[in-house]
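Student: Could we walk through this one together? I'd like to see how each answer is reached.

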Amino acid sequence: MSPDQEQIDVYADDLEKAAGVAGWPTNPQDYFYAVRYVAAHPWIRAVKLDDVLSWSSGEGGRFWGDGGDYWPVAGTYREIGGTNGYGGTGDVNGDGTPDRNAWYKDWAINYYPYNCPKSAGTLWWEVYQELENLKNVGVDNNLVDLAWTTLMTNLYETGWHDGLGGSLSGWEKEISSHLRHALPYAYGAWWLSNTNKPLLAYWKNVDEDNDNEIVVQNDRVYAVLDPIGGRVGWLFDSNGHVVIGNSMALWSGTEGDYNDGNHIWGLSDAYDGGTYEHSYYQLEILEDGTNGRILVRTKSPGGFVKYIELRKGWSYLRVTYRNVSRRIYVKTGFSPGLSDLLRNGKKNIERVWLYDGKVAGYYNRETDTLGAYVLQGPVSFNRGEEWRTLTVADEMKLESDGTFYLYAGLWNASVFGELLSEPLRGSVSFSPERPLAGDTVTIYYNASGGPLEGATSLTLHWGHDGWKDVTDTPMQYSNGVWKVAIETQGSWGSLDFVFTNGSVWDNDGWRDYHIYLSPPSVPASVSDLLTGDECSWGSYLPAPNSGEVKDGEYVWHDANGDVHSTKNYPHPEDNYDIESVRVRTGGDYVYFSIRLSDLASIGEFGAPLIAIPISVGTGTNHTIPYDGSLSYSPGWDYWVVVDLSKAGFPDTEILGSPAVEVYDSSFSKLAGDYYAIASKTNSVIQVAIPRELLGNPSSLGFNVLVFLGDSRGGALDPGSPKVVDLMSPSSTDGELSDGSIDYAADVDLTAVPFFGYSPLIVGALLVVLAFAFKRH
């Protein structure tokens, strides 16, 4: 193209045809090639048609003239406008004169989208003005981009009628009626740009229909609750990423704010044989955030109520269903990192399925955005992975009142343990505060706030030591509290119980309730060392990932932060990170003191389960209980377990079985006087095992394995393997990489005697004795 020439090449056709989609046979690669070619050659100028029409002669506008209104002339688009117009003909405004752009004006002036008080033209103009307001004050973020995308994708072929003289096409109305959905993204963009994001709940018509919605927001999330279905229409995180809401996907079959083939809003309710997703719910703001909490009540036509709670710092909504009298299904469409989904489709979306489905959702690894259900009993997963355009849906179910969470934000599995430890439940207390085996224990239960709220009769369903001798005992009601007294026996180690009115249960979210009973007497040698701290133990540490005998004590020093790289831990990883392990023997016991980096999670779902495989020479069992993918090549003869994830596990109390269990090589539980203690303050777990129970060995081999406890005696799967830390001269990942644990620390028990005093005191005592002997 020579410098004195000007040339305009125009390609005009349906974009679907150019892109080779929607049934057109065109090769989309041809379209991509043309676009890339233009972009790569600066001597080609790509312009918008309205720019060209407004060019002055100085800009090469001699084809059009200078100034004026350059509209296409009548007959330009004869196929749809005939010879008298170019966008349809007709008297739109009633002045007796045919309008040259009648088809568009018919849409803009005469079409009022379903359930909207304003015309389509007014709606798109108001949306446009809101976006211009954002631009004028310099707000430019991801939600602004998505607002523009929503407006432009739904402002589509607005003049399309069903033939010459026909009515506005139904499919066109279904699409363009949703251009107003650009507004929630725009309002979210204002929230995102505000450095001060207060905790607020308020009414606002976010989409210009006839219904007001409720907006709930804090410093982490912005959500819109719609009265239709009591659903979550939009949910954004504080990084400006969408978790729920794909309004730019094709709408089909509805002009309103209803679920369709491509859109499933959050918390869409259904039941066997029907649905409430398109029914109006009664919404009410009970607490607006002024006092530190947002609480919204949404009442369904089916009689059940769902409460939505939000507090400062929460990257999730707490959802509670009440008055549930039959099975309810709750479906949510997740669009995590929607801006990336628009560009890359499913490429960066990963299925999240943690802890046997207690955390179920989808993660966008490009935007680091997670949308997920966090499910506590009695709520459970039903079905999922239903892909639609730009969204994928999961469905959970509940048959009685229950609580779960709708998570939206950065990947942070460390919050899940806390959430899964707070199900819908009543309040439990007991006396005495630190009961001994043989005491009469009185259990108090306040049903308020739990699934048994309002019950007129209650029964304690209980057993002991892992649900032995199961019994039902009626409870008595007085002054708002139910109570019952249980006479324990001196050989018991725990009370295990749940509450019921005969049809509904409060079982602490399937974790069950437990009261641990301390032994009525403990050998002095045990109580001297099992103190929950290491004041009576040494302080020496060898090099990281090594062990040696020092001052009559075997000590292992584990490398700091050397946990498995899976990182899907329901509590901060320090709760699973071994710092040191110490071993001593006394006359009758072998003692272990295990220090972790932190132990704040005692008694919560996902807290550490500590296992000690011990070999006394034969090492007959090479399996790893809880994890069939691993083997233990040194072999073990005894397996010791302290499960700190059990509900009610007490802090700094010496306990016997079932708080600590010892199994033989066939994994049969052994009876015996063994003990354990765990301290949150000192992050220490200590165990005492009778030497006689182990066959009075003179040496032993052992390791310490850390699992994630599931609160029911098993281990969670954080992403194979289930062992997340252990003793090894190499790294944890390196030790586990081949599926075999090959290391065991060998300890000569004769080299680690326990004198009943710290090494410093013993040393000082020996010096005094030596000095006294010398004087005589």
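What follows is a set of questions and answers on this predicted model.

Student: Over which ring does the charged end of Arg326 sit?

Tutor: A charge sits over a ring if, among other things, CZ of Arg is within 6 Å of the ring centre. For Arg326 the distance is 3.8 Å, and the ring is that of Tyr271.

Student: Which ring cluster takes in Tyr271?

Tutor: Rings pair if their centres lie within 6.5 Å, and a search of the whole structure finds 44 aromatic pairs. Ring pairs link Tyr271 into a cluster with Tyr276, Tyr281, Phe304, Tyr321, Phe334, Tyr362, Tyr373 and Phe404.

Student: How are the rings of Tyr222 and Phe236 arranged?

Tutor: Their centres are 5.8 Å apart, with 0 degrees between the planes. Planes under 30 degrees apart get one particular label. The pair is therefore stacked.

Student: Why does the pair of Tyr222 and Phe236 tie together separate parts of the sequence?

Tutor: Both residues are buried. Tyr222 belongs to strand β3 (residues 221-226) and Phe236 to strand β4 (residues 231-237), so the pair ties together parts that are 14 residues apart in sequence.

Student: Now the backbone. Is the peptide bond from Gly377 to Pro378 cis or trans?

Tutor: Pro378 is in the loop between β15 (369-375) and β16 (380-388). Most peptide bonds are trans. Here omega is near 5 degrees, and the bond is cis.

Student: Where is Pro432, which a cis peptide bond joins to Ser431?

Tutor: Omega for that bond is about 0 degrees. Pro432 is in the loop between β19 (427-431) and β20 (440-446).

Student: Is Tyr626 buried or partly exposed?

Tutor: Tyr626 has a positive phi of about 85 degrees although it is not a glycine, and its place is the loop between β33 (621-623) and β34 (631-636). Buried means under 20% relative accessible area. Tyr626 has 22%, so it counts as partly exposed.

Student: And Ser711, buried or exposed?

Tutor: Ser711 also has a positive phi, about 75 degrees. Its loop runs between β40 (705-708) and β41 (725-726). The relative accessible area is 1%, so Ser711 is buried.

Student: Last one: which residue in β43 is the bridge partner of Gly701?

Tutor: Gly701 in β39 stands opposite Ser615, and two bridges join the antiparallel strands β32 (residues 608-615) and β39 (residues 699-702). Four bridges join β39 to β43 (residues 745-748), again antiparallel. In β43, the partner of Gly701 is Asp746.

Methods:
Residues numbered from 1 in each chain as written. Predicted model: local features only at pLDDT ≥ 70, side-chain atom pairs only at ≥ 80, totals over all residues. Heavy atoms only, no water. Phe/Tyr/Trp six-rings, centres within 6.5 Å; stacked < 30°, edge-to-face > 60°. Buried < 20%, exposed > 50% of the residue type's maximum accessible area, 1.4 Å probe, protein only. Lys NZ or Arg CZ within 6 Å of the ring centre and 35° of its normal. Pairing = 2+ DSSP bridges.
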